[in-house]
Amino acid sequence: MSYRLTIESLDHDGRGVAHHEGKAIFVDGALTGEVVDASPYRKKDNYEQAQVERIVRTSATRVKPGCQWFGVCGGCTHQHLHESAQVAAKQRILEDCLTHIGKVKPEAMLSPIHGPTWGYRTKARLSVRHVAKKGGVLVGFHERRSSYVADMHGCEVLPPRIGRMLPAMRALVASLAIRDRLPQIEVAVGDTVAVLVFRILEALTPEDEDKVRAFAEAHQVQVWLQPKGPDTAQPFHPLDAPPLAYTLPEFGLSMPFKPTEFTQVNHGVNRMLVRRAIRMLDPQPNDSIADFFCGLGNFTLPIARRGARVLGIEGSSALVSRALENARLNGLDHLTRYQVMNLFEMAPEILAALGRFDKWLIDPPRDGAIELVKSLPEDGSGPSRIVYVSCSPATLARDAEVLVHVKGYRLRAAGVANMFPHTAHVESIALFEKQAAGVSSELLPDSDAVAGPA
Ligand SMILES: C[S@@+](CC[C@H](N)C(=O)[O-])C[C@H]1O[C@@H](n2cnc3c(N)ncnc32)[C@H](O)[C@@H]1O
């Protein structure tokens, strides 16, 4: 059975939204303004999910997907939408969330941050499955709407040399004695070295070891082995590779990291995001600044580079050790302190015990930072400025409601960063200010916006 639909809008997952006999229909692969024939694959009482069978009227924003596995691989959902339309859709989602969830309106919308849209993804977890009836080993992302591994031979969002390496990874794993005991290959690419972390449920045999060494040399990658949790990952071959690191050249910073540690995936967009965050925070030499959810110091060290004293707070002790090491390496340990703390268990007295800060930077995981913002004092002693970097517009909006309607901040500006092009992921940044007036317009950066996608 199929029905003809006119697509009214895109939902937060990039699906076309239409109505049929009073019921909402979410259509994979359809774009706003299109007329499509679609067939349902899931029916619920109040909505249905459907897929496009035929496009009757095509949107001007529709483009040919850049990857031949688009539609099969579940890694990207937006490749059929022009890159500027993708960014516009993400900006609309941010505005919708702020309006409907947060009941707040930014005084200014920032121009979106664009960066490289292909070959950008420096971190990825590739699933590995030995499937005899598919003729061997699959290495890739999951298929769309399934837990099966997609039968893909390349990937356009991974750095090109990694994307092109998928057939060789498949052949390598297929040749190993432990091919049924290697469920994942994690990719981490730095400025000078690429690492593949093989998750192994059983030790490599001596013959397997020789094959993996030969692979690492032939493909100029460093292979790590991870027998158990992320902390057990260790270099296997070569042992003398340069450390994995990304750089923030504008701040003269080099940031070494372990392949299993959190880093922002799109190094180009991260540089612009850090620049924008620092410009909005405007650290001054006498400032005392808190960087909540600081990770390995991606914002902490640029803040310190501007001469401010900064306390980085983070839940992972491994990341705090890494952050301490990175501060020393970059000559900034005299301005930085770190603390391990579960920020989801925040309370006013715990927050007060951390001391008084002039400014905050917050960069939480998708769950947001509700306990932290609820713990802010309402007596005027809180930070004058908060820069909030978010990977979930819904939780940013929920937290913005508290900051604006309970804690007395103004939402001066908000905007998106296209950290994950061709996916539904929305990264955003917002500036909150305490005082009634006075943020200078140069803190609302238009001049640091880079050119849009080609
Ligand atoms: C989006 S990342 C940001 C990291 C860092 N600011 C960066 O740009 O690389 C969120 C960070 O929050 C940390 N985190 C997750 N849950 C936490 C919690 N309950 N308490 C404190 N930190 C937490 C993660 O370990 C991660 O480093």
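User: Quick one to start. Which residues are exposed on the other side of α7?

Analyst: Ser317 and Arg328 are exposed there. Bear in mind that this is a predicted model.

User: And which residues of α7 are buried?

Analyst: Leu319, Val320, Arg322, Ala323, Asn326 and Ala327. They sit on the same side of α7, because they cover an arc of only 160 degrees around the axis.

User: Why would residues three or four places apart point the same way?

Analyst: An α-helix has 3.6 residues a turn, so residues at that spacing point the same way.

User: What covers the buried residues of α7?

Analyst: The cover includes β15 (253-256), α6, β17 (309-314) and β18 (336-340).

User: How far apart are the end C-alpha atoms of α7?

Analyst: They are 18 Å apart. Helix α7 covers residues 317-329, which is 13 residues. At 1.5 Å a residue, the span should be 18 Å, so the two values agree.

User: What follows α7?

Analyst: Glycine 331, with a positive phi near 70 degrees.

User: Now α5. How many of its residues are buried?

Analyst: 12 of the 15, so α5 is largely enclosed by the rest of the structure. Among the buried ones are His267, Asn270, Arg271, Leu273 and Met280.

User: What is its reach from first C-alpha to last?

Analyst: Helix α5, residues 267-281, reaches 21 Å. That is close to the 21 Å expected at 1.5 Å a residue.

User: And after α5, which residue comes with a positive phi?

Analyst: Aspartate 282, and its phi is near 55 degrees.

User: Which strands does β19 pair with?

Analyst: Strand β16 (residues 288-292) runs parallel to β19, and four bridges join them. Strand β20 (residues 385-390) also pairs with β19 in the parallel sense, over four bridges.

User: Which residues are bridge partners?

Analyst: Alanine 290 has tryptophan 360 in β19 as its bridge partner. Lysine 359 has arginine 385 in β20.

User: New topic: the ligand. Which residues come nearest?

Analyst: Phe293, Gly295, Asn298, Gly315 and Leu343, out of 20 residues around the ligand. By class, that shell has 11 nonpolar, seven polar and two charged residues.

User: Where is phenylalanine 293 found?

Analyst: In the loop between β16 and α6 (300-305).

User: Is phenylalanine 293 buried or exposed?

Analyst: Buried, because 21 other C-beta atoms lie within 10 Å. The cut-off for buried is 20 or more.

User: Is arginine 145 buried or exposed?

Analyst: Arginine 145 counts as exposed, because it has 12 C-beta neighbours inside 10 Å. The place of arginine 145 is in the loop between β9 (136-140) and α2 (160-163). Its phi is positive too, near 55 degrees.

User: Last one. Which residues does a cis peptide bond join?

Analyst: Histidine 237 and proline 238, with omega about -10 degrees. Proline 238 has its place in the loop between β13 (234-237) and β14 (245-248).

Key:
Residues numbered from 1 in each chain as written. Predicted model: local features only at pLDDT ≥ 70, side-chain atom pairs only at ≥ 80, totals over all residues. Pairing = 2+ DSSP bridges. Helix = DSSP H or I, 4+ residues; strand = E, 2+ residues; numbered from the N terminus. Near = placed C-beta within 6 Å. Nonpolar A, V, L, I, M, F, W, Y, C, P; charged D, E, K, R; others polar. Expected span 1.5 Å × (residues − 1). Arc of directions from axis to C-beta. Contact = placed C-beta atoms within 7 Å.
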